[in-house]
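Visitor: Please bring up the model, and let us go through it by question and answer.

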Amino acid sequence: MHTSESSRASEGKGVGLGLALASALAFGGSGVAAKPLIEAGLDPLHVVWLRVAGAALVMLPLAVRHRALLRSRPALLAGFGLLGVASVQAFYFASISRIPVGVALLVEYLAPALVLGWVRFVQRRPVTRAAALGVVLAVGGLACVVEVWSGLSFDALGLLLALGAACCQVGYFVLSDQGSDSGEVPDPLGVIAYGLLVGTAVLTVVAHPWTMDFSVLAQRADMNGTPVAAGLLLGWIVLIATVLAYVTGVVSVRRLSPAIAGVVACLEAVVATVLAWVLLGEHLSAPQIVGGAVVLLGAFIAQSSTPAKGSVEPVATGGAESRLSTRENAA
C-alpha cells in the first residue's frame, strides 16, 4: 500500500513537472509571436486586446461556472484583471516593440526584487539575508543585460515599459497577499477567467479596438525573413501562450509546491530568449547572457527564501514563481 501511494505521488510530481515545463514553454513564446504582428502594423495595445479578449472568450464557460466569485471576491477579480492581466501584458507588449523580447522579460523578472523592497521599506518587515542576496544578484545581472557600461544600449523608453510590467506584477503580488490567511481560497481557474474578462473590459476602453486595422490579420507577418500567417500567430498567442499556459500553470502548482513550480517557471525567460534568437534574430552578447542567468538566479534565491505561512522568521513574499504561485494562491 505504501509503495503504491509513493508510486502515485512520484507519478503525480512527474506529471506536474511536465505541466510546469509546458506552461513555461507556452508563456515564453508569447512575445516571439506578438512582435511580428506589431511590426506588421498592429498597435501593441491592439495585440494585447486580441490576446486577452480571445482568451476570455475561450474561458467564458469557467466564468459562468464560478460566477459566485463576483459576490465573494470582487476586489480580487478587479485587481487581477487590471494588474495581472491588462497592465502587465500591455506594458510587456509595448516594451517588446522597442527592445528585444528576452531583455524585456528579464527586466520583468525584477518583480521578486521589487516585492522585497515593498516588504522591507513600505511594510517595514525584515527580509532574510538570502532574499537580500537575491535582490543584489538580480539587479547586478540586469545591469549586464542592459549594458550600463555603454550608457544603456537599448531604448530607454522600452526599458521603462518593461519595468512598468514588473511593477504591475508587484501590485498583483501585494493584492494577492491581502487576506491570504483567511480560510477559503477561490478556484484559481475562476479567478483567471474573470481576470481575463475584466482585462478585456479595461483594454477595450484604453485600446479602442474598433480603430484596429483588422486587415493585418488576413495578411502575412515577417518573422526574421520568413512570412507567417498573422492569423496563425494570433491563434498561438491566444490558445497556447495564454489559455494553455495559464491552465497548465495552475494544474502544475496543484501537483507541485509553488517553489518547485517557480524554478521551472524561470525557464520562461530562457525559452523567450532562445526563441527570439532563433526566430527573430535577436542576438544577445556574452555579457548579456551571463547577466540574464544571474537575474534568474537572483529571482530564484529571492523566491526560495520565502518561509512557510505562519513562520515568525523574516519574510519575503513574491518570487520567481510569479504568475504560477499567485494563480494558485489568489486569495
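Visitor: How many helices and strands does the chain have?
Guide: This is a predicted model, in which local features need pLDDT of at least 70 and side-chain atom pairs count only at pLDDT 80 or more, while totals for chains, interfaces and linings use all residues. Residues are numbered from 1 along each chain as its sequence is written, and side-chain values use heavy atoms, with hydrogens and water left out. Helices (H or I, at least four residues) and strands (E, at least two) are DSSP runs numbered from the N terminus, and on that basis the chain has 15 helices and two strands.

Visitor: Is K35 buried or exposed?
Guide: Buried means under 20% relative accessible area, exposed over 50%, and partly exposed in between (1.4 Å probe, protein chains only). K35 has a relative accessibility of 9%, so the residue counts as buried.

Visitor: Which residue meets the side chain of K35 in a salt bridge?
Guide: A salt bridge is a side-chain nitrogen of Lys or Arg within 4 Å of a carboxyl oxygen of Asp or Glu. The N to O distance in this pair is 2.6 Å. K35 lies in helix α2 (residues 30–39) and its partner in the loop between α13 and α14 (286–304), so parts 247 residues apart in sequence are tied together. The partner, itself buried with a relative accessible area of 13%, is E282.

Visitor: How many residues apart in sequence are the parts that R98 and D155 tie together?
Guide: R98 forms a salt bridge with D155, their closest N and O atoms being 2.9 Å apart. R98 lies in the loop between α5 (74–96) and α6 (101–108), and D155 in the loop between α8 and α9 (156–177), so the pair joins parts whose separation in sequence is 57 residues.

Visitor: What distance separates the end C-alpha atoms of helix α10?
Guide: The expected span of a helix is 1.5 Å times one less than its number of residues. For the 20 residues of α10 (residues 188–207) this should come to 28 Å, which agrees with the distance between the end C-alpha atoms, 27 Å.

Visitor: Which helix gives the largest share of the nonpolar patch?
Guide: Patches are made of residues with over 30% relative accessible area and no salt bridge, like charges being joined within 9 Å and nonpolar side chains (Val, Leu, Ile, Met, Phe, Trp, Tyr) within 5 Å. This surface patch, which includes L21, V270 and W277, has about 720 Å² of accessible area together (Shrake-Rupley method, 1.4 Å probe, with only the protein chains shown counting as cover for residues). The elements that give two or more residues are α1 (2–28) and α13 (267–280), and the largest share, six residues, comes from α13.
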